[in-house]
Amino acid sequence: MPYSYQSRRQSSGGGNSRSAYHAAPNKRRGRGPKHGDYIDPARFVQAARPRTEMAYIPTYQFADFKIDQLIKRNIEFRGLVTPTPIQDQTIPLGLEGKDIVGIANTGTGKTIAFAIPVLEHLLADPRAKALIMAPTRELAQQIMEEMRTLTKGAKLWSALLIGGNAMGPQLRDLRNNPRLIVGTPGRIKDHIDRRTINMLHFNTVVLDEVDRMLDMGFINDMREILQQMGSPRQSFFFSATMNASVNNLIGTFANNPVTVSVKTGESSDNVEQDVITYGSKEDKMAKLHDTLSSPAVTKVLVFEETQRNVERLHRDLESRGFRAAALHGGMTQGQRRRSMNDFKTNGVTILVATDVAARGIDVSDISHVINYAIPGSYEDYVHRIGRAGRAGRLGYALTFVEN
């Protein structure tokens, strides 16, 4: 790896590095992230396993779908011609009105896959209403932007219901009787409790990243929202993983769903994983500085444990001349939006974030993920590092481990 320090994998001969950490459990147990389980540092060292995939031959082109001409024109304006596998297989089923369970990695085009059938139904039936739920504010905003792009020129009232934004504008949008609502489960539930929204009139629902919403503790809100929706309805469930909780939710609320699975492996398969060992706070910061100064580090997502730590590290990096931004749940929605826009457009090349804030990030050109704080669980670790190595690129994940 192109860094000035000697990586643990290099020093241990490049094989199974568990022996290099034989004494680590006794030393580190109880000193990891709050509310987290001990993770053997050996699990942070792994070579990338890029898969050679057979070229996918699509059945359709976007021009083949029987959809409103306005949507077709906006698709053409976007320069979209050939669907991705999840789009190619999901859109025809969605247009037929079937319930769908989509299993796909993040970054495979899931939003377009459900957006086209949902919007087609809304434009075809003036009485139809659709609800889309996402785990984070950032992802909800990205979905809403996509929906508005695809319906540019149509008079389709919509509302974005997310936390961190003032209630006033959301109440105003709801008074316009929107036919499309995109939001996070917690804020949608707030509006249901206020009786500012009636779910009974919504006959299409999309749950994006179901597994992450369950991980974040939204299960009760999601169940209550779905229970209050009208019937019959069409349901779309998209998830990167399937477990008992996801299956139970789908089994309760879906009607004979068709499963479309295009997942080709773990999101971390294209990520070269290694550790950086340090002996003190000063040594840790010095090694982070050296790592970020490497020409190979072009766009990096740095994870810290708390909001306070994110702010502190952000200030430290800026004082050292790095172009960095912060992202955490204590920021206003406007601040979070500016940080994300700066990161996406390369106004900054380093984003320091907490786990919760980073769950909605979908940026395809992140070269490195740095775990400045060890994650609370191995599942969180896998989700973090999957932000690198997208769109066929090789990514890198580096985890700081105390000597």
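Tutor: Asn256 lies in the loop between helix 11 and strand 7 (258-261); helices (H or I, at least four residues) and strands (E, at least two) are DSSP runs, numbered from the N terminus. This is a predicted model, in which local features need pLDDT of at least 70 and side-chain atom pairs count only at pLDDT 80 or more, while totals for chains, interfaces and linings use all residues. Residues are numbered from 1 along each chain as its sequence is written, and side-chain values use heavy atoms, with hydrogens and water left out.

Asn256 has a phi near 45°, a positive value in a residue other than glycine. Most residues other than glycine have a negative phi. Asn256 is also exposed, with a relative accessible area of 67%; exposed means over 50% relative accessible area, buried under 20%, and partly exposed in between (1.4 Å probe, protein chains only).

Helix 11 itself spans residues 244-253, and Val246, Leu249, Ile250 and Phe253 are buried in it. These four cover an arc of only 95° around the axis, which puts them on the same side of helix 11; the arc is that of the directions from the helix axis to the C-beta atoms. An α-helix has 3.6 residues a turn, so residues three or four places apart point the same way. The face turned away from the buried side of helix 11 carries the exposed residues Ala244 and Gly251.

The buried residues of helix 11 pack against several elements, namely strand 1 (100-103), strand 5 (204-207), helix 9 (210-215), helix 10 (219-227) and strand 6 (234-239). Contact here means heavy atoms within 4.5 Å. At the start of helix 11, a side-chain oxygen of Asn243 comes within 3.1 Å of the backbone nitrogen of Ser245.

The peptide bond from Ser231 to Pro232 is cis, with omega near 0°, whereas most peptide bonds are trans.

Helix 10 has a further partner: helix 8 (residues 185-194) packs with helix 10 at an angle of about 50°, with their axes 9 Å apart. Axes are lines fitted to C-alpha atoms, for helices over the stretch in contact, and angles run from 0 to 180 degrees between N-to-C directions. Helix 8 is therefore oblique to helix 10; angles under 35 degrees count as roughly parallel, over 145 as roughly antiparallel, 65 to 115 as roughly perpendicular and the rest as oblique.

Technical notes: A polar contact is a pair of N or O atoms within 3.5 Å; within protein, one must be able to donate a hydrogen and the other to accept it, and residues adjacent in sequence count only if both atoms are side-chain atoms.
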